[in-house]
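This report walks through selected features of the structure shown below.

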Amino acid sequence: MTNPLLKLICNLLGFLALLAIIFCLYSLARFLYFQQPHRQTVSREQAVPEKYSKKLRREIGTGHFHVSDEPVTTDIESAPMCLRCHGNFCHNKSEEFRSYYNMHTFFLACETCHIRKEQNSAIRFTWFDDKTGTELKQVKGQNENYGAKIVPVKPDGHGFERLDVLPEIKLAFDFLKNKDSYAPEQKEKIKQQLMKHISREPVTCEECHCKQGYLNYSELGYDALRAADLSRIEIVKMIKEYKDFKFPVIFGSDKK
Amino acid sequence: MSRRSLLLFLLLLLFCMSSRAYAVDEENCLLCHRYSGLGRIDKEGRKHLYYVNESLYNQSVHAKVRCGECHTDIKGFPHGTVKKVDCAAVCHLVDPSSNTPFSHAKMIEKFELSVHGRGPKDKPKQHAEDLPTCTYCHDNRIYPPVSKLAKQEQGIAREILDRCRGCHTRDDWTNVFYYHFTERLNQRRSSKRMVELCTSCHEDEEKMARHNIKTVGTFRDTFHWQAIKYGDPNAPNCITCHAPVGYFSHEIMPKTDLRSAIYKDNLVRTCSNQGGVQACHPDATPSFAQGNIHPAQYKTGFYENKADALLRKREIEKGQMKPFQTLLGQTLKVAAGDQRYYQNIILLLIKYFYMVLIGGLIGCMIVHQVLDYFATRRELRRVVSKVL
């Protein structure tokens with residue numbers, strides 16, 4: 001074998017064959033002697049507590065009976081900073097309203113309600129895609145499940161500034177990383193600093209869901225029928241004006 | 001037409017239209033429950049999601065059942081604390097076989113007396129919280145599209161659905177009936193999913209120890225599991241043996257019970273499964289049926305797990321076993337009996353023999369190949385130098 005190129009190719013092939021054999025041997029040894037133990041199953045008591053950072057996986061016995069979990073997960077990578085701390089289902093104080101408030105976190109940025117627009121302010125509201133962060137003139141989907149949120153924006157020179165970005169994002173990341181090592185007073189101080197742009201009184205249900213409300217539904221792209229629908233407030237009235245609103249029994253669902 | 005009669009006609013038309021448009025959600029629960037974020041986290045950190053996907057629900061087993069028929073205690077708004085749904089409740093559906101209101105009550109009654117049930121009401125079992133409830137195994141199943149069913153079972157096809165529609169003109173009714181009927185011809189879950197479901201409890205050592213039951217971890221060492229794992233459609237899952245033809249999955253009994261499919265005298269019939277969808281081992285004999293499908297608690301070898309340790313601890317406390325009797329697998333000998341202990345030793349030796357044989361054989365082959373490679377190179381070099 002005088003041709004050096006041929007020799008080189010033969011040597012390379014030989015080494016490749018050796019590597020392949022070693023890999024096969026390694027795989028065989030792993031299969032025979034180092035088998036992974038079977039997956040430990042999750043007991044019912046360990047039912048997955050909702051964490052925004054975890055995409056829900058349907059574990060046996062812990063799933064939603066109506067099989068409705070799937071569309072309700074959001075990827076942490078694209079989550080707004082507020083939700084990374086507070087989670088998707090962040091409202092908990094008001095027993096009557098908490099589920100309704102939480103429902104809104106899927107299509108409203110927190111700042112839409114929690115930064116109050118002053119009268120004659122230049123702040124406007126517009127849709128932004130959750131994943132790409134681009135402004136949308138139209139959204140697709142149904143039941144407010146559009147993969148987009150209504151975000152307050154402030155005109156800024158040629159463009160606008162999104163108001164759903166924490167002013168001190170670096171501090172927020174630092175806080176998330178080291179929060180367990182802070183003393184309670186220190187924690188409180190940082191929290192106050194992070195939240196200083198948040199209004200003390202959030203926008204209320206009645207302020208939005210009324211005629212000439214806080215949000216202009218037509219400008220946000222809702223058709224006239226839906227805009228009119230959103231400008232009514234039956235549910236809030238049902239809760240606030242009736243202590244116990246009895247369903248009318250006309251469907252026979254209470255028969256025994 | 002007078003104005004009055006026109007108004008009446010319009011009202012009637014509106015009524016008919018609305019009752020058709022809201023056939024399922026007559027109570028208008030979806031006014032709120034259609035929003036995917038409707039939910040909360042409780043004090044224990046568990047998520048409660050109140051969202052119902054309308055299109056999925058309309059395609060589900062319970063599509064014809066109104067919300068209020070299961071959630072019977074919701075009478076107003078806000079709902080307040082809502083009770084868990086009682087699957088034994090009677091709903092508006094009519095059982096066509098008896099023309100009586102439909103309920104799962106009979107099924108639940110039988111289930112409660114089975115090995116998985118809570119026992120008679122006057123004498124409930126201990127640690128009842130460990131036992132499976134309806135929703136542990138069942139969710140509101142979404143019917144698969146006809147195209148998927150057609151792949152699973154011969155004779156199920158779109159054309160047949162169209163044949164039904166020839167007489168049954170209401171598509172929503174025909175679809176649900178067709179889906180229900182054709183889907184029940186098939187096994188509800190894949191065998192893999194079935195094993196996952198059963199082992200979600202039966203591999204939980206602590207839970208099994210609470211009920212003095214041994215875990216079934218060794219099922220995954222068996223040929224049956226390997227066949228399931230690699231997708232053999234005829235491979236047996238847990239239900240195949242524990243509720244074969246003539247038995248019912250909601251009435252599984254302990255193996256010491258005469259009514260159990262794995263009671264020692266019933267094993268031959270279970271293994272052969274004559275009359276079932278497939279006769280698995282048609283020539284099964286009593287000695288064949290005696291084999292251990294998933295030897296309880298210990299794998300091949302002196303395998304010990306947490307449940308072993310707990311049982312041993314209890315036996316030591318009761319004075320049934322000496323503290324140092326656990327050396328060299330004596331625990332197993334005591335716990336499992338001599339015959340099974342020696343069977344286990346033989347299986348262990350066979351296993352080790354093959355592990356050494358396969359590893360040694362392949363290892364020697366590799367060494368041989370490597371040496372051969374270098375020898376060939378040396379030989380080539382020698383020949384080339386001679387020629388030159």
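## Helix packing in chain B

A crossing of two helices is left-handed if the near helix is turned anticlockwise from the far one by less than a right angle, and right-handed if clockwise. Keep in mind that the model is predicted. In chain B, H8(B) passes H9(B) in a right-handed crossing. Helix H8 of chain B covers residues 158–167, and helix H9 of chain B covers residues 171–184. Their axes come within 10 Å and cross at roughly 135 degrees. Angles from 65 to 115 degrees count as roughly perpendicular and angles over 145 as roughly antiparallel. H8(B) and H9(B) are therefore oblique to each other.

Which residues make the contact between H8(B) and H9(B)? From H8(B) come B:Leu161, B:Cys164 and B:Arg165. From H9(B) come B:Asp171, B:Thr174 and B:Tyr178. By class, the residues of this contact divide into three nonpolar, one polar and two charged.

## Chain B overall

Chain B has 388 residues, and buried residues make up 20% of them. The chain holds 18 helices and five strands. Take the contacts in chain B between residues at least 6 apart in sequence: 43% of these join residues at least 24 apart.

## A hairpin in chain B

Strand S4 of chain B spans residues 90–95, and strand S5 of chain B spans residues 100–103. Three bridges join these strands, which run antiparallel. B:Asp95 in chain B stands opposite B:Thr100 in S5(B).

S4(B) and S5(B) form a hairpin with four residues between the strands. In this hairpin, B:Asn99 takes a positive phi near 60 degrees. Most residues other than glycine have a negative phi.

## The sheet in chain A

Chain A contains an open sheet of four strands. What is the order of the strands in this sheet? It reads S2-S1-S3-S4, with antiparallel pairing. The edge strands are S2 (135–136) and S4 (159–162) of chain A, and each pairs on one side only. Strands of a sheet pair through backbone hydrogen bonds, either parallel or antiparallel.

Strand S1 of chain A runs over residues 124–129. Two bridges join S1(A) to S2(A), and the two strands run antiparallel. A:Trp127 has A:Leu136 in S2(A) as its bridge partner.

## Loop residues with positive phi

B:Asn28 sits in the loop between helix H1 (3–21) and helix H2 (30–33) of chain B. Its phi is near 60 degrees, a positive value in a residue other than glycine. Is B:Asn28 buried or exposed? B:Asn28 has 12 other C-beta atoms within 10 Å, so B:Asn28 is exposed.

A:Gln212 is placed in the loop between helix H7 (205–208) and helix H8 (224–230) of chain A. Phi of A:Gln212 is near 55 degrees, again positive in a residue other than glycine. A:Gln212 has 6 C-beta neighbours inside 10 Å and therefore counts as exposed.

A:Glu96 is in the loop between helix H2 (81–86) and helix H3 (98–104) of chain A. A:Glu96 has 13 C-beta neighbours inside 10 Å, so this residue counts as partly exposed.

How many residues apart in sequence are A:Glu96 and A:Val236? They are 140 residues apart. In space, C-alpha to C-alpha, A:Glu96 and A:Val236 are 9.9 Å apart.

Note on methods:
Residues are numbered from 1 along each chain as its sequence is written. Chains are lettered from A and ligands numbered from 1 in the order in which they are written. This is a predicted model: local features need pLDDT of at least 70, side-chain atom pairs count only at pLDDT 80 or more; totals for chains, interfaces and linings use all residues. Axes are lines fitted to C-alpha atoms, for helices over the stretch in contact, and angles run from 0 to 180 degrees between N-to-C directions. Angles under 35 degrees count as roughly parallel, over 145 as roughly antiparallel, 65 to 115 as roughly perpendicular and the rest as oblique. Two residues are in contact if their C-beta atoms, placed from the backbone, lie within 7 Å. Ala, Val, Leu, Ile, Met, Phe, Trp, Tyr, Cys and Pro count as nonpolar, Asp, Glu, Lys and Arg as charged, and the others, Gly among them, as polar. Two strands pair if DSSP finds at least two bridges between them.
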